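Please walk me through this protein chain in plain terms.

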Amino acid sequence: MLARFDEKKNISLHGIINHRLPAIPFQYYFSVTSSGKFYISMNATLLFDIDNTLLKGSKSHRQAFHEGFTQVFGIRGDVEAINPHGKTDRQIITEVLTQNGVDGETIAEGLNECMGVVAHTFTELVKHEQLIVLDGVVELLEFLGSYPLLLGLVTGNLESIAWEKLQRTGLKKYFFFGGFGSDHSIRSRLVAIALNRARVHCSKAASYPVFLIGDTPRDILAGKKAGVLTVAVATGVYTQDELHRHKPDIVLSSLKPSEGFEDIIDQLRTAQH
Ligand SMILES: [Mg+2]
């Protein structure tokens with residue numbers, strides 16, 4: 001991770017530092033601008049989904065939607081009725097309201113307020129919920145954090161909800177940028193938004209291989225549309241066979257190190273520049 005790179009004594013104006021870590025050689029590309037700003041590039045950028053990829057789905061999150069529908073639009077919408085898996089929060093709100101007969105103009109007028117109610121309600125409800133980190137996730141993030149990889153998020157969660165979930169589960173320290181469901185309703189757009197944010201910290205964030213890791217066909221399709229490599233993990237409602245049908249670059253049964261961990265490393269190795 002960026003925060004772990006602390007080799008300032010080796011900095012020149014532009015250059016490459018070669019490291020040979022166990023089994024895998026890495027190169028750190030860096031430059032210093034005339035204003036003294038320090039940029040560094042990694043070997044790859046990994047963008048993680050949250051729900052059913054890093055964490056189990058949150059009951060508080062689902063309940064928060066219902067509060068938003070009731071308070072802002074006066075309806076009792078059912079999130080499950082529109083198959084929310086892999087959809088952005090903006091998209092979920094719009095689809096549920098549309099299904100309940102709310103017209104587009106009314107939705108547009110109340111969308112921001114609704115997202116605000118959802119975010120606020122989630123913050124209150126989650127205080128009473130024990131969020132669950134999926135098996136292998138901490139081990140994987142710890143391992144990846146010791147390599148020159150840029151770790152970010154591409155999640156349909158509203159931004160405040162995403163960070164709150166990661167904060168409460170101790171995973172926030174691994175990530176510092178992302179694309180969120182409050183940014184856009186179309187998931188594939190979140191990839192570019194995340195990479196633009198990453199460039200603030202790392203000038204070449206998008207010029208190295210980018211992997212999108214998620215649990216649904218919508219994650220895979222978003223990654224393909226955005227032109228990045230896709231890793232599908234069957235820790236949500238979709239099986240490995242179902243995910244395979246959408247032709248991701250890698251399919252894993254989980255993020256446990258024993259379940260295909262080597263595949264990710266192999267991909268990174270072949271992605272060396
Ligand atoms: Mg998910």
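The paragraphs below go from the whole chain to its sheet, its core, some single residues and the confidence scores.

This is a predicted model, in which local features need pLDDT of at least 70 and side-chain atom pairs count only at pLDDT 80 or more, while totals for chains, interfaces and linings use all residues. Residues are numbered from 1 along each chain as its sequence is written.

The chain contains nine helices and nine strands. Helices (H or I, at least four residues) and strands (E, at least two) are DSSP runs, numbered from the N terminus. Of the 273 residues in the chain, 42% are buried. A residue is called buried if 20 or more other C-beta atoms lie within 10 Å of its own, exposed if 12 or fewer, and partly exposed in between, with C-beta atoms placed from the backbone. Two residues are in contact if their C-beta atoms, placed from the backbone, lie within 7 Å. Among the contacts in the chain with a separation of 6 or more, 61% are between residues 24 or more positions apart.

Next comes the sheet. Six strands form an open sheet with parallel pairing, in the order β6-β5-β4-β7-β8-β9. Because β6 (178-179) and β9 (250-252) stand at the edges with a single partner strand each, one side of each has no neighbour in the sheet. Two strands count as paired if DSSP finds at least two bridges between them. Strands of a sheet pair through backbone hydrogen bonds, either parallel or antiparallel.

Strand β4 (residues 44-48) has a partner on either side in the strand order. Five bridges join β4 to the parallel strand β5 (residues 149-154), and four bridges join β4 to strand β7 (residues 210-214), also in the parallel sense. The residue L47 shows both links: its bridge partner in β5 is G152, and its bridge partner in β7 is L212. Five of the five residues of β4 are buried. On one side these are A44, L46 and F48, and on the other T45 and L47, so both faces of the strand are covered. Further along the sheet, strand β8 (residues 229-233) pairs with β9 over three bridges in the parallel sense, and A232 has V251 as its bridge partner in β9.

L47 also belongs to the largest nonpolar core, which has 64 residues. A nonpolar core is a set of buried Ala, Val, Leu, Ile, Met, Phe, Trp, Tyr and Cys residues joined through C-beta atoms within 7 Å. The residues with the most contacts inside this core are L47, V191, A194, F211 and L212. At least three of the core residues come from each of domain 1 (42-55 + 134-270) and domain 2 (59-128); the domain bounds come from an automatic or database domain assignment. In soluble globular proteins, nonpolar side chains tend to be buried together.

Helix α7 (residues 217-226) lies across β7 and β8, running at about 175° to β8; axes are lines fitted to C-alpha atoms, for helices over the stretch in contact, and angles run from 0 to 180 degrees between N-to-C directions. In helix α5 the buried residues are I161, A162, E164, K165 and L166. Their cover includes α1 (59-73), α3 (104-125), β5 and β6.

The loop between β5 and α5 (159-169) holds G156. Why does G156 count as buried? G156 has 31 C-beta neighbours inside 10 Å. Leaving aside neighbours within four places in sequence, G156 is in contact with G86, K87, T88, D89, G181 and R187.

Most residues other than glycine have a negative phi, and most peptide bonds are trans. N83 has a positive phi, near 45°, and is found in the loop between α1 and α2 (89-99). K247 has a positive phi of about 55° and lies in the loop between α8 (240-244) and β9.

Finally, the confidence. The average pLDDT of the chain is 82, and 77% of the residues score at least 70; pLDDT is the predictor's confidence in each residue, from 0 to 100. Confidence is highest in α5, at 98, and lowest in strand β1 (residues 14-21), at a mean of 34. Over residues 1-33 the pLDDT is below 50, and over residues 37-41 the pLDDT is also below 50. Where pLDDT is low, the predicted coordinates should not be read in detail.
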